[in-house]
Amino acid sequence: GVVRQYVITNGTKAAQQKKLKQGNLLSVFDGIFISEDVGYDKPSVEYFSFVKKNIPGFSEEKALVIGDSLTSDIRGGNNAGIDTCWYNPEGKENDQGVSVTHMIRNLNEIPSLLQ
């Protein structure tokens, strides 16, 4: 099946768009949700509600939040009822009391999670 990818990020529009442009990543994603535009930051329920409303055909059951931050990405996924994938290259301990559905140490592991 088709996998759609969206950026969900805290920060200013200018800073985040510059990073994505420098990494030649703008064309890779189907959309970008920057907290400055959304009006809320991750991990708030309001941020994720906005994202859900603005992705056509969004389904919690089919979605996966992938991120390196336990406090914004993973906690945000928990708050929104979405499975999570913690990108944890250094094998740190989950000391934030959040629920991690998957943990990966290498981004190459992502495709196998999406089957």
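1. Let me start with helix α3 (residues 45–53), whose buried residues are Tyr47, Phe48 and Val51. Buried here means under 20% relative accessible area, exposed means over 50%, and partly exposed is in between, using a 1.4 Å probe and protein chains only. The three lie on the same side of α3, because they cover an arc of only 90° around the axis; that arc is taken from the directions from the helix axis to the C-beta atoms. Helices (H or I, at least four residues) and strands (E, at least two) are DSSP runs, numbered from the N terminus.

2. A word on provenance: this is a predicted model, in which local features need pLDDT of at least 70 and side-chain atom pairs count only at pLDDT 80 or more, while totals for chains, interfaces and linings use all residues. Residues are numbered from 1 along each chain as its sequence is written, and side-chain values use heavy atoms, with hydrogens and water left out.

3. What do the buried residues of α3 pack against? The elements are β1, β2, α2 (35–38), β3 and α4, where contact means heavy atoms within 4.5 Å.

4. The largest nonpolar core has 11 residues: Ile8, Phe33, Val38, Tyr47, Phe48, Val51, Ile55, Ala63, Val65, Ala80 and Ile82. Such a core is a set of buried Ala, Val, Leu, Ile, Met, Phe, Trp, Tyr and Cys residues joined through side-chain atoms within 4.5 Å. Helix α3 gives the most to this core, with 3 residues. In soluble globular proteins, nonpolar side chains tend to be buried together.

5. On to the rings: a search of the whole structure finds 3 aromatic pairs. Rings of Phe, Tyr and Trp (its six-membered ring) pair if their centres lie within 6.5 Å; planes under 30 degrees apart count as stacked, over 60 as edge-to-face and the rest as tilted. Tyr6 and Phe33 make a tilted pair, with 6.0 Å centre to centre and 40° between the planes. This pair links distant parts of the chain, since Tyr6 is in strand β1 (residues 6–9) and Phe33 is in strand β2 (residues 31–34), 27 residues apart. Tyr6 counts as partly exposed because its relative accessibility is 22%, whereas Phe33, at 8%, is buried. The pair of Tyr47 and Phe48 is edge-to-face, at 5.4 Å centre to centre and 70° between the planes, and both of these residues are buried. Ring pairs also link Tyr6, Phe33 and Phe50 into a cluster.

6. Now the sheet. Strand β3 (residues 64–67) and strand β4 (residues 83–87) run parallel and are joined by 4 bridges; two strands pair if DSSP finds at least two bridges between them. From β3 the chain crosses through helix α4 (residues 70–80) to β4, a right-handed β-α-β crossover. Right-handed means that, with the strands pointing away from the viewer, the path from the first strand over the helix to the second runs clockwise. Strand β4 also pairs with strand β5 (residues 102–104) in the parallel sense, over 3 bridges, and Tyr87 stands opposite Ile104 in β5.

7. Leaving aside neighbours within four places in sequence, Val65 is in contact with Ile8, Phe48, Asp73, Gly77, Ile82, Asp83, Thr84 and Cys85.

8. In α4, the buried residues are Leu70, Ser72, Asp73, Ile74, Gly76, Gly77 and Ala80. Their cover includes α3, β3 and β4. After α4 comes Gly81, with a positive phi near 75°.

9. Two loop serines to finish. Ser59, in the loop between α3 and β3, is buried, with a relative accessible area of 19%. Ser27, in the loop between α1 (13–22) and β2, counts as exposed because its relative accessibility is 71%.
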